[in-house]
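Please keep the sequence and the structure at hand while reading.

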Amino acid sequence: MIMGCYGIGVSRLIAAIIEVNNDANGIIWPREIAPFDVEILPLTHDEGSMGLAKTYYEELKASGLDVLLDDRDESAGRKFNDADLIGIPLRIIIGKRMLVNNQVEIKIRRNGQVLAVDKNKDKVKEEILKLWNP
């Protein structure tokens, strides 16, 4: 038995979108169809970083955004690599070096731009919402 389908289905649309929206590191999801809006990446698994990550998670979820928290106890390199492969539009990076200056980083996946933002939950939320709704 032979069966054929020549229509444009969901799987073909997703494949076409990925083909157009990628770079050497992985997928770059357009905002409109991204599986998540923001990914939170604590680079260490200590209590301070994880507590801050969970605070951001709750605040952004309450704002109506879909948020992914990478709470795995993995190396920073593996987390960065996986985040690039997944391609979520915005990323909050919580690292020791930035926390010393009371800051976190927000990375825009589409252009690679990195912004240093005060770690205050309201400032981070304000910046994420400003980037999400330009």
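## Arg91 and its polar partner

The side chain of Arg91 makes a polar contact with the side chain of Asp84, at 2.7 Å, in what is a predicted model. Arg91 lies in strand 5, and at 3% relative accessibility Arg91 counts as buried. Leaving aside neighbours within four places in sequence, the residues in contact with Arg91 are Glu39, Leu41, Phe80, Ala83, Asp84, Glu105, Ile106, Lys107 and Arg109.

## Salt bridges

Side chains of opposite charge can pair when their charged atoms come close. The count of salt bridges comes to nine. One of them joins Arg109 to Asp84, with the closest N and O atoms 3.7 Å apart. This pair links distant parts of the chain, since Arg109 sits in the loop between strand 6 and strand 7 while Asp84 belongs to helix 3, 25 residues apart. Both Arg109 and Asp84 are buried.

Another salt bridge is formed by Asp70 and Arg72, whose closest N and O atoms are 2.8 Å apart. Here Asp70, at 7% relative accessibility, counts as buried, whereas Arg72, at 31%, counts as partly exposed. In helix 5, the side chains of Glu127 and Lys130 meet in a salt bridge of 3.4 Å, N to O; these two residues are three residues apart, about one turn of the helix. At 16% relative accessibility, Glu127 counts as buried. Salt bridges that share partners also join Asp23, Asp84, Arg91 and Arg109 into one network.

## Helix 3

Helix 3 spans residues 76-86, and within this helix Lys79, Ala83 and Asp84 are buried. Seen down the axis of helix 3, these buried residues fall within an arc of 130°, so they line one face of the helix. The cover over the buried residues of helix 3 includes strand 2 (26-27), strand 3, strand 5 and strand 6. Just after helix 3, Gly87 takes a positive phi of about 80°.

## Helix 5

Helix 5, made up of residues 121-132, has twelve residues and reaches 16 Å from its first C-alpha to its last, close to the 16 Å expected at 1.5 Å a residue. At the start of helix 5, a side-chain oxygen of Asn120 reaches to within 2.7 Å of the backbone nitrogen of Asp122.

The buried residues in helix 5 are Val124, Glu127, Ile128 and Trp132. Viewed down the axis of helix 5, they fall within an arc of 130°, so they line one face of the helix. On the other side of helix 5, Glu126 and Lys130 are exposed. The elements covering the buried residues of helix 5 include strand 3 (38-42), helix 2 (47-62), strand 5 (90-94), strand 6 (103-108) and strand 7 (114-118).

## The nonpolar core

The largest nonpolar core has 21 residues, and those with the most contacts inside it are Ile40, Tyr56, Ile92, Ile94, Val104 and Ile128. Two or more residues of this core come from each of strand 3, helix 2, strand 4 (67-69), strand 5, strand 6, strand 7 and helix 5. Helix 2 gives the most to this core, with four residues.

For Ile94, the residues touched, not counting those up to four places away in sequence, are Ile40, Leu41, Pro42, Leu43, Thr44, Ser49, Leu52, Ala53, Tyr56, Leu99 and Val104.

Note on methods: Residues numbered from 1 in each chain as written. Predicted model: local features only at pLDDT ≥ 70, side-chain atom pairs only at ≥ 80, totals over all residues. Heavy atoms only, no water. Expected span 1.5 Å × (residues − 1). Buried < 20%, exposed > 50% of the residue type's maximum accessible area, 1.4 Å probe, protein only. Arc of directions from axis to C-beta. Contact = heavy atoms within 4.5 Å. Polar contact = N/O pair within 3.5 Å; in protein donor to acceptor, adjacent residues only side chain to side chain. Core = buried A, V, L, I, M, F, W, Y, C linked by side-chain atoms within 4.5 Å. Salt bridge = Lys/Arg side-chain N within 4 Å of Asp/Glu carboxyl O.
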